[in-house]
2 protein chains.
Amino acid sequence: MEKNFRIYRNTFDMDYNKHFEGAFCQGNGYQFLRATFEEGIDGEEQGEIYTREFKSVTTEKQRCAITKWGTYIPTIMGNNPQLNEVIINLPYFMDFNLLADGEKLSMNRCDISDFSMVLNLKNGCLTRTFTFNTKSGSTIKAKYERFPSKKNKHLFVQKITYKAENRDANIEITSGIDTNVTTNGFNHFMEISTTTNDDSITVVSKSDMGNTITQSSYLACDKEQVNIIDNKFNVQYDLKENEEITFIKKSFSFTDMDNEEIGIEGELVKSYDELYKENSQVWEKLWDRSDVVIEGNDHDQLGIRFSIYHLLRCKEESEYRSSICAKGFAGEAYYGRYFWDSEIFMLPFYIYTNPNIAKNLLMYRYNTLEGAKENARSYNCKGARYPWQSATTGTEQCSLWEYADNEIHITADIVYGIWHYYKATDDIEFIKNYGAEIIVETARFWLDRVDVDKDGNYNLFNVMGPDEYTAFNCNNTFTNRLVKFNLETACYVIQLLNETDKIAYVKLCDKVKLDNKELLEFKKVAEKLILPDYEKVQYIPQSENFDNYADVDIDNLWKDRKNPFGMYMTHEKLYRSKVLKQADSLSLAMLFKTDFTIEQIKNTYEHYEPITTHDSSLSPINHAIVAGWIGKEEHVNKFLQYSLSLDFDSNRNGAKDGIHIANCGCMYQFIIHTIAGIDNALINEDEIPMSTSYTMPKGWDKVSFKILWKNVSYFVTVDKNGTKITKGI
Amino acid sequence: MEKNFRIYRNTFDMDYNKHFEGAFCQGNGYQFLRATFEEGIDGEEQGEIYTREFKSVTTEKQRCAITKWGTYIPTIMGNNPQLNEVIINLPYFMDFNLLADGEKLSMNRCDISDFSMVLNLKNGCLTRTFTFNTKSGSTIKAKYERFPSKKNKHLFVQKITYKAENRDANIEITSGIDTNVTTNGFNHFMEISTTTNDDSITVVSKSDMGNTITQSSYLACDKEQVNIIDNKFNVQYDLKENEEITFIKKSFSFTDMDNEEIGIEGELVKSYDELYKENSQVWEKLWDRSDVVIEGNDHDQLGIRFSIYHLLRCKEESEYRSSICAKGFAGEAYYGRYFWDSEIFMLPFYIYTNPNIAKNLLMYRYNTLEGAKENARSYNCKGARYPWQSATTGTEQCSLWEYADNEIHITADIVYGIWHYYKATDDIEFIKNYGAEIIVETARFWLDRVDVDKDGNYNLFNVMGPDEYTAFNCNNTFTNRLVKFNLETACYVIQLLNETDKIAYVKLCDKVKLDNKELLEFKKVAEKLILPDYEKVQYIPQSENFDNYADVDIDNLWKDRKNPFGMYMTHEKLYRSKVLKQADSLSLAMLFKTDFTIEQIKNTYEHYEPITTHDSSLSPINHAIVAGWIGKEEHVNKFLQYSLSLDFDSNRNGAKDGIHIANCGCMYQFIIHTIAGIDNALINEDEIPMSTSYTMPKGWDKVSFKILWKNVSYFVTVDKNGTKITKGI
């Protein structure tokens, strides 16, 4: 058994139950399942209808306080009249209930001992064990194992074993597919029907966006025949003392969005061990290219692997119709929608470990380009404007106008992601066929979004940068710099195609109807778009207006730091105060490190870090990255631990509504950029761009990982002597 | 019959029907009724349930496109889950249906000729006459008269007459109280019951805010006994050729908010003519003190009287629990809520013609002071912050945060209104008992709302001034000036009480817990609150950031001027463009004329008028007022006609969802400030403050009116020789 690959939950505490459901979430890139109990929790209704408030995810009170089932397939979305498109919580096929000596198993109401749950990060298998001491005096040892197969993405396997420990006991199990589920309190099923066969139960549901989802379950038992009564599997059996009974439930999910064969028959004849092995083998390969080995600090090692596990489960190579939602498909908090998190925070992990996935993440953006054009038109602009919250079409799904209208950097962030991918992989075919079109259409949008002033300079007014506690920036530095990059990249890619592939060049210009006049506009706006004079101010101001705002006595207002700062100040005041939700200028430093001197980055850090609340989970690890560069070792440790506390440590209850998957992705960037000192591929070199700095957090002796660089694998080790890179095989 | 007191509608055109329902709205200060047909319009369902969009009143599409019943009592509000508090559309007691020779009267489906509707502005009586040519060949001449009594506010009287013109005809009428009504598509009645007596039908409804509303109708007929069948009055009668039948329906409304006697029995014995006369006598007195007589231009005369009529019907002297809603209780467009319109646009009319009403409008603010304090607390501020949209409690009812959070000038506007009332009436008792408390509590709020900068100056960031197309001003001049006034007035009123009435002074300081330190704070912030250096810039800039925004090619974007400009530009772009919804700096010029030189006001006008769209109805008449002061006579005419076209002229369909009652109020200010050249009472003089200018719009020969000035009535005449003021009796 490999060391530091298992995470444990050894007590059953209702207060932290939802957190573990999210933290132990399973998935294989196709289907995702929160780590809820097969039998549910007594008294916790899952089919409740209610109106979910959409005013602020940060401060709203979630319903279903103790347990929230979650069964998701990312391409299957529903239409919520208040919230717009949301990922649908599908019928619950993990359903499995036990009566022992007539007593219904219930984790909260029965006498349970020796509880333990283990998630094996190495293969995504979840195991729950406990002893059920019935009122009648029986002692039943129970073990539940389960995993979604990485080999056959439609398959989910469960193995349940009961053993009578102290005497004979009667057991009865029922298991079906529970259709009494809602999503954000809303029923998205127009039709739903349960049918049974000799050996299976099938639920067919039709969503309110017109998709058909089919889920079929098969149950086998080693001791007794399985009956189907009232659409549920039923087995009754008298266990002898020390006898064990085992159930294998195989569930298949598929939708009308799928084309491939599912191969149910083939899977049904395989044993649990065979299926387990097949799944583990696929995972093994993924870990081989993605693992980061840390020597000297087991806690941090497990934390980093926890992040990598969630990144690995989130995506399978062939999927190009969806991106990765902000909660890693582990909860309903952001409705299964896609943000800038994908391109800026998660994409680099895939770029450097599995570029096919990176490419498919970007293909999702190409596939929603028409929606982004429609979105631009809805603002009376030409070109393409990607939505702040994206779902199936690329049109805006965010129901709060201040984000939808103002958080425009997402459009340029996507171009940054495309170029990052290209620079690290040399995949010019992707640029020719897809990327260049996005780059030009988005550049075109900016021509309409900028406002020219009387000096002939271009401005971006009313902008929300990464820091969402300042909704109305005038010339937000982050946004302006990214937009400039977007425009310059458009000019560059056109020139590149013109010089290297005339056919591709003509095809592109033809398709996007680009002429020289517009190209000159790109150039002009890129040049004249307002940016600070860093030489003069010696730091990166957030915007032209932010630093005029009034100071806030943060310590005095924010005494109970268990709650976000945002709970103690109204949005009205936040929007005009010198207090940040998250890194803004420091996010720019992270993306364009070589724009600035280390001194300027340091000044920026000193200026903004004290007024940053980290109410956004994107903030701490960004700070850790930059803190390393400027030699603030204590801050590296502090913010690394902060980052690990978001989901991995349970004390914040952080994963209850899903995983902060952008934080997971950025933790990987922390490893390469700050620990190893490898700069990102946008810095225009043929060799792996190395900075002189590296960082070793507290207790870390050695770090080693593989990295893909322009199709070649390198092996990187970092220790107290610095970073060593060797070309791999 | 007095000349120029009647407004007519002589064609029945479905496209303009809703406009006339609003324009001919009746009311007596207690109850308000849209000028809908007694029998409704076939196919126009009034009880439809739908979700009203609240995103933008300016651009939303209203439901009930052809007719919208409206029966309102201002203190009766309901709770709409999307919209918050809304005025309730009550059961429809005007209900009266006719079958002639078995054919149901329907204005849109039957053969109708000689249609005419007349509203007598002099006494608020509405008359509809027409001829109903039945399919069977009968010609029925019909006349419907009705009025809410100004003598007994609970009483509404209807008189309906039918005459068989060409031959005998059978008629059958049914009349009840129709409970199938909704408000903004929502049913606000928790319980509703209809009961009948020998001679009456009574509906008792219980609102979702817990109020009980009782409506009773009595029907009399001069020819035949009235039966009650299925909760409706029913009369069948064979009319001989040339015979006439008359019905008198008296309806009484009262609620659990009322204390006074209703006197139903006494009213039932009176004849229609008696009731008519009683009503007319009350109106006569109101007109006597309020009329503005214009010689030389009948159109404008009638237009001004139309405005005065609506102001007179909106308020009765004794009502202090409500203000005047933005649509003059003539439609559901602004949900029956109260805005700054009351204090800035309507209040002066009452101050100078009927100060008791002015006082009661301000008493409404005093009665909602606790709500305003709660509102301040919800923003973590001390003191009182009046809500942008106020209803019964004084807490915020606006469901759009950008208005609720940023349009803070309302709080200082109320103080302006209080002081205006005091300066014009010398009612120091009102100040002592109520006004001073409001003035201090609101001043206190500003101490928490301002932000100090590094130079020690005070700023108001993220402010929406009067111009709602700029939601995020930095130091909006209008707002800052009004806030400065609020703070200075607080200092002044404290000093005044201290010097003139020690008991009142101590009582006040005790009640509001005011000490000298806070008073010094008021003074300091008033002094250091940022205002432009007018000497230097020579105009009134809207704010510090507005004039940096990009120019907009308004003419090119706005070709179809039937629609508001706002339909051709997104809010996102409006919020960062140099285009105005309404007067902002010019509103300040209107309120603080003597702050500026005429040259500065003129420069301001030249600067902003060309980029003002007047998408807000508050804008045109404000422009007319200022245009007169700076000698732009053509603009005076243009904006006066614009103002008259909002509701009075029907071509814009302007009154369909209610009356622009603030425009009506401001038209009166136009008469006194611009036509007569009387400045407002805030200019600190004992005499009526006269400017040297006066203005005569096109075709006007002479204007005369009465005005109350510190309890003395003056008679004012203006002609081509200027303004003459004589002390009245």
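Predicted model: local features only at pLDDT ≥ 70, side-chain atom pairs only at ≥ 80, totals over all residues.

Student: OK, and where does B:D467 sit in chain B?

Tutor: B:D467 lies in the loop between β22 (458–459) and α11 (477–500) of chain B.

Student: Does B:D467 count as buried or exposed?

Tutor: B:D467 counts as buried, because its relative accessibility is 0%, and the cut-off for buried is under 20%.

Student: Which side chain does B:D467 join in a polar contact, and at what distance?

Tutor: The side chain of B:D467 is joined to that of B:Q542 by a polar contact of 3.0 Å.

Student: How far apart are B:D467 and B:P541, in sequence and in space?

Tutor: They are 74 residues apart in sequence, while their C-alpha atoms are 13 Å apart in space.

Student: Switching to chain A, at roughly what angle do the axes of α19 and α20 cross?

Tutor: The axes of helix α19 (residues 619–629) and helix α20 (residues 633–645) of chain A come within 8 Å and cross at roughly 160°, which means that α19(A) is roughly antiparallel to α20(A). The crossing in which α19(A) passes α20(A) is left-handed.

Student: And which residues make that contact?

Tutor: From α19(A) they are A:P620, A:I621, A:H623, A:A624, A:A627 and A:G628, and from α20(A) they are A:H635, A:V636, A:F639, A:L640, A:Y642 and A:S643.

Student: How many of them are nonpolar, polar or charged?

Tutor: The contact of α19(A) with α20(A) has eight nonpolar residues, four polar ones and no charged ones.

Technical notes:
Residues numbered from 1 in each chain as written. Chains lettered and ligands numbered in written order. Heavy atoms only, no water. Axes fitted to C-alpha atoms, helices over the stretch in contact; angles between N-to-C directions. Helix = DSSP H or I, 4+ residues; strand = E, 2+ residues; numbered from the N terminus. Parallel < 35°, antiparallel > 145°, perpendicular 65-115°, else oblique. Left-handed = near helix turned anticlockwise from the far one by under 90°. Contact = heavy atoms within 4.5 Å. Nonpolar A, V, L, I, M, F, W, Y, C, P; charged D, E, K, R; others polar. Buried < 20%, exposed > 50% of the residue type's maximum accessible area, 1.4 Å probe, protein only. Polar contact = N/O pair within 3.5 Å; in protein donor to acceptor, adjacent residues only side chain to side chain.
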